[in-house]
Amino acid sequence: MITASQKPINEIIELVEPYKKVLILGCGTCVKTCFSGGEDEVAVLASALRLSFKKMVRSIEIEELTIERQCENEFIQEASSGIARNDAVLSLACGAGVQALAKQFLKEVVLPGLNTTFIGIQESPGIFTEECSGCGNCSLAIFGGICPVTRCAKKLLNGPCGGSQKGFCEIDPDTHCAWHLIIERLTTLGQMDNLKTYIPPKNWNTSLSGGPRKLIREDHII
Amino acid sequence: MKTFSHLHENLLQGKFVVTGECGPPRGANKAVIDKKISLLKGYVDAVNVTDNQTAIVRMSSIAASAHLVAAGLEPVMQMVVRDRNRIAIQSDIMGAYSLGIRNILCLSGDHQKFGSQPDAMNVFDIDSVNLVRTVRDMREKGKDMSGFVLDVAPQMFIGAAANPFADPFEYRVIRLAKKIDAGVDFIQTQCIYNIDRFKEWIKRANDEGLTERVYILGGVTPLRSAGMARYMNNKVAGMDVPSDIIKRMDGIGKKNQADEGIKICLETIEVLKELTGVHGVHIMAIEWEEAVAKIVEQAGLK
């Protein structure tokens, strides 16, 4: 999933302050799963904002709505009347959702309520970890299903740096050394020979270095 | 056989070499470099010039190395892949060679999180193994990474680091082999305090025949105080200072701790001299260049 976390309330207040009527628009897929942008979070944020504005003796009208996915036009349409009724939309979606709204509603103000963080998983209840950078050229097969591009702080492809100790990364004692995990797993799989292989410089052309990327499916173009 | 630098020549002749270290200043003051040169010249075969070590911004390693060249002290220019993409890396290698720099040490680099500007973006376009290969291909094939034939291709003596004290231990020798395959000529190790572990590592490297394919310089850093020993053990990534060393430093009055640190360093060098597969010593006297002359003289390495 794409993970995100809610912006600090003071930053959100500053964002919505210029507007009298604001729609808080939740997204019911990834950000709901990571507890930052689903129905529940929309409701909590709406209450917090109402209370804050009341304390500031300022009036603001807040409407709440959550749609299935803000990154798909089909679902976005469900929000069109709500968006039309308000001065601004505070989107609790990832950056793709916010931009999809902005593309659909050219004259409406769309504000981000979340900071999009990464592509990851819920490793254990309440703990989300980054797993994929979307580099466009997956090498997980040689690394035993553990990505050094994403999970090694130095993106090393030919083995661990000198800072790996007792299985943890030098930058943070709570972060596993990706290379330690790779070595453990390849040992279990009997595939340590993979690591003797020289890995050439990565072609970053398929990642963000090549500019904004596009996925084209000719068979689906109408 | 063609030699690429004086360091290379000394190693070829079978001399037990000594390299030192010079950290460039946090600023543009050449006088700092000049002072370090005067403390090291005549005592070491070459001097590593660090590249924004611990991710703290300093005078560039290339410029400081060029000052050493001008002063007749041979530099080992350190280069990290943290701050440059492959375009800048190749360009800097060519520039360095044109300035008379003949040794390069290829490193990943300390993560910027430890530095003075942790908000910086890192690069890590290529890793240190690929940096080694890049310098090797320039030297052996005369080509840059795109395969373009260079007018004058840099011919450098290529070094890399190895940390026998990092985990997973089992992989450390595989990684060494990988660096040798990539084209590394010499290795400088992380500071050695845990002699038993170093012996185990060098034994495995000997068994694999690796020490016949690469020169190994054992890294040593004289401890200035018991506090420094504890700090290095607890705070410096990839460092292993055994508790008996810390106890030994603790047991000495503050005034004499620096002397004890030098004593420990000399004892380590004595062990290294006798070990098969060790071809020299790399003395990293961090901001304590005065200690180098003393160590070199007392170790009988001058």
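This is a predicted model: local features need pLDDT of at least 70, side-chain atom pairs count only at pLDDT 80 or more; totals for chains, interfaces and linings use all residues.
Residues are numbered from 1 along each chain as its sequence is written, and chains are lettered from A in the order in which they are written. Local features need pLDDT of at least 70 and side-chain atom pairs pLDDT 80 or more, while totals for chains, interfaces and linings use all residues.

**Exercise 1. Describe the overall form of chain A.**

Step 1. Chain A holds eight helices and nine strands. Both are DSSP runs numbered from the N terminus, helices (H or I) of at least four residues and strands (E) of at least two.

Step 2. For 222 residues the globule rule gives 17 Å, but the radius of gyration of chain A is 22 Å, so the chain is more spread out than a compact globule. The radius is taken over C-alpha atoms, and the rule is 2.2 Å times the number of residues to the power 0.38.

Step 3. The C-alpha trace of chain A spans about 65 × 45 × 25 Å along its principal axes.

Step 4. Of the 222 residues in chain A, 34% are buried. Buried means 20 or more other C-beta atoms within 10 Å of the residue's own, exposed means 12 or fewer, and partly exposed lies in between, with C-beta atoms placed from the backbone.

**Exercise 2. Work out how H1(A) and H3(A) pack.**

Step 1. Helix H1 (residues 9-16) of chain A and helix H3 (residues 39-55) of chain A have axes 11 Å apart, at an angle of about 70 degrees. Axes are lines fitted to C-alpha atoms, for helices over the stretch in contact, and angles run from 0 to 180 degrees between N-to-C directions.

Step 2. The two helices are therefore roughly perpendicular to each other. That class covers 65 to 115 degrees; under 35 is roughly parallel, over 145 roughly antiparallel, and the rest oblique.

Step 3. H1(A) contributes A:Ile9, A:Ile13 and A:Val16 to the contact, and H3(A) contributes A:Ala48, A:Leu49 and A:Ser52. Contact requires C-beta atoms, placed from the backbone, within 7 Å.

Step 4. By class, this contact has five nonpolar, one polar and no charged residues. Ala, Val, Leu, Ile, Met, Phe, Trp, Tyr, Cys and Pro count as nonpolar, Asp, Glu, Lys and Arg as charged, and the others, Gly among them, as polar.

**Exercise 3. Is A:Ala178 buried or exposed?**

Step 1. A:Ala178 lies in helix H8 (residues 178-189) of chain A.

Step 2. With 23 other C-beta atoms within 10 Å, A:Ala178 is buried.

Step 3. Leaving out residues up to four places away in sequence, A:Ala178 touches A:Ile146, A:Pro148, A:Arg151 and A:Cys152.

**Exercise 4. Which elements of chain B give two or more residues to the side that touches chain A?**

Step 1. The contact takes 24 residues from chain B and 25 residues from chain A.

Step 2. The elements are helix H5 (128-141) and helix H6 (169-182) of chain B. H6(B) gives the largest share, six residues.

Step 3. By class, the side of chain B that touches chain A has ten nonpolar, six polar and eight charged residues.

Notes: Two residues are in contact if their C-beta atoms, placed from the backbone, lie within 7 Å.
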